[in-house]
Amino acid sequence: MATQLDFTTFHNVINGKLTSTKETRHNINPATGEANAEVSVSTAEDVDAAVAAAQEAFKSWSKTSHDEREKALLAYADAIEAHAGQFQDLLVLEQGKPKQLASFEVVTAVSSIRANAKLELKPVVLEDTPEKKAIQRFTPLGVAVGIVPWNFPLMIAALKIGPAVITGNTIIIKPSPFTPYTDIKVVELAQQFFPPGVIQILSGDDSLGPMLTEHPGPAKISFTGSSFTGKKVMASASKTLKRVTLELGGNDPAIICEDVDIEQVVPKIAFAAFINSGQVCVAIKRIFVHESIHEKFRDALVRAVKDFKLGDGNEEGVTHGPIQNSMQFEKVKDLFAEIEKEKWSVATGGRTDLGRPGYFIEPTIIDRPPIDSRIVTEEPFGPIVPIVTWNDEASVIKEANNTKMGLGASVWTKDLDRAQRIAEQLEAGCVWINNHLEPSVNSSFGGHKESGIGYEGGLGGLMGYCNAQSIHIKKQ
Ligand code: NAD
């Protein structure tokens, strides 16, 4: 049974100990503008100390049995679950999302740790003859660094901790400066189940990420964030040939065919386009609707979006929260400024000044903007989505693929053969049919093109934390 945590103070965790820094900083609750608690601003000395502790811990952790690691991870997952209410409240406070989405995030973090705990990359005998035996095995890399964005801080940290630790690596979590709080607590909780140095956390300002990717100690960077930053991470990691997994941005198309049941499909599209106020890498970001159902579909989507309740995630009935931080708020507002300049047709929403504290923006649908406009070509990462019409299957596939991104995509039709035919031509790491977002246990999650390198999930995700080693035994 885990000891209770104090959810009001926040420290780095280095070598099993809670540590403080001379300088501290804090964030604000994006729904109210009120200050959250102080957190550490890590220095180069903190990075050196954490990397050294992780390297030391790796020596013995990498030699533990799979059973031992599995047991520790499962007990850890139980402890996170036992604190679910506190993690949920903290997520609402720091990220701004509604309670029910925060609760989903905690559940997903727990289930991903449990799923990874059960996975094992067993050695495979490739060849066994009287003369020769060949074995393929996977060995842990060493120290991993998990760099986490601000949209799903708890879930994304968990998606890195599970596979790193079950394969015998140690890991240092670096949260986004905008959302350090749940990550700090989940790593503090880990100290009750793992030896010092196996799971650590450093919080800090914008200088911390580069300090970690430049450091010669870590062997692996698992990064989730924008494609822009992902390229910098890769450039930095290349100096010491660190392994990288890059989970980056997306501009997901949803292709809606003419035979769909509009009333059934529209709520799902509205959900997947506006979840977390659009701040989701695999949210629907371009809606391609068959032109024969365009008006009916648009009007139903407008009705669904008008039913959303915007507000503080703790308020009863709130379905959508604010933009998480001022930087993103300004970016999204800049895109909204195009509405007037480019004379886009607004089907619903359009306002960015709602006359209240917090970074709130009205959920907005842009009806049939030009295909080369910013709202179609860029990832807004906010509550605004364009509807584009189509009438020819080959052309819509071409348009859907006409982007450097390739994270997710979906096809919506009653004709499953047609859906699969379209799906197989889409350049994206996850393609859903009559759905968007719902994961399957142990499926791969990663991007094609500039949406990423490598992937997370399942045994393949574990391989991202391992070296492959072939042992060739000559028997005579
Ligand atoms: P971001 O790239 O600005 O930051 C991500 C993380 O990288 C943060 O922890 C940040 O502090 C750190 N960082 C910034 N500069 C760095 C540098 N030079 N070196 C090392 N680390 C650095 O992204 P964000 O704004 O936090 O998140 C939004 C983006 O993330 C969107 O593009 C979204 O699509 C993407 N995202 C992708 C996935 C996925 O799984 N593919 C999931 C969530 C978010």
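Helices in this description are DSSP runs of at least four residues, numbered from the N terminus. The structure is a predicted model. Helix 1, which spans residues 44-61, contains both E56 and K59; because these two residues are three positions apart in that helix, about one helical turn separates them. Their side chains form a salt bridge, with the closest N and O atoms 2.8 Å apart. E56 is partly exposed, at a relative accessible area of 48%.

The count of salt bridges comes to 26. A second case with a spacing of three residues is found in helix 11 (residues 326-342), where E338 and K341 are about one turn of the helix from each other. The side chains of E338 and K341 meet in a salt bridge, at 3.3 Å from N to O. The two partners fall into opposite classes of accessibility. E338 has a relative accessibility of 9% and therefore counts as buried, for the limit of that class is under 20%. K341, in contrast, has a relative accessible area of 57% and is therefore exposed, the corresponding limit being over 50%.

K132 is partly exposed, with a relative accessible area of 26%. E127 is likewise partly exposed, at 32%.

The ligand is surrounded by 28 residues, and the closest of them are V148, S226, T229, L248 and E379. An oxygen atom of the ligand lies 2.7 Å from a polar backbone atom of V148, and a ligand oxygen is found 2.8 Å from an N or O atom in the side chain of W150. On the backbone of L248, a polar atom is 2.7 Å from a nitrogen atom of the ligand. On its own the ligand has 850 Å² of accessible area, of which the protein covers 89%.

At least two residues of the shell come from each of helix 7 (208-214), strand 10 (220-224) and helix 8 (227-238). Helix 8 gives the most, with three residues. Both domain 1 (12-248 + 449-472) and domain 2 (252-433) take part, each supplying at least three residues of the shell around the ligand.

The side chain of K185 has polar contacts with backbone oxygens of the protein. One of its polar atoms lies 2.7 Å from the backbone oxygen of D6. The side chain of K185 also reaches the backbone oxygen of T9, again at 2.7 Å. Another buried residue is V396, with a relative accessible area of 2%. V396 is placed in helix 13 (residues 393-401). Between V396 and S112 there are 284 residues in sequence and 35 Å in space, taken from C-alpha to C-alpha.

K343 has a phi near 55°, a positive value in a residue other than glycine. The position of K343 is in the loop between helix 11 and strand 14 (345-348), and its relative accessible area of 71% makes it exposed. K449 is not a glycine either, yet its phi is positive, at about 50°. This residue lies in the loop that runs between strand 18 (430-433) and strand 19 (452-453). At 36% relative accessibility, K449 counts as partly exposed.

Conventions. Residues numbered from 1 in each chain as written. Predicted model: local features only at pLDDT ≥ 70, side-chain atom pairs only at ≥ 80, totals over all residues. Heavy atoms only, no water. Near = heavy atom within 4 Å. Polar contact = N/O pair within 3.5 Å; in protein donor to acceptor, adjacent residues only side chain to side chain. Areas by Shrake-Rupley, 256 points an atom, 1.4 Å probe, with all protein chains shown as cover. Domains from an automatic or database assignment. Salt bridge = Lys/Arg side-chain N within 4 Å of Asp/Glu carboxyl O. Buried < 20%, exposed > 50% of the residue type's maximum accessible area, 1.4 Å probe, protein only.
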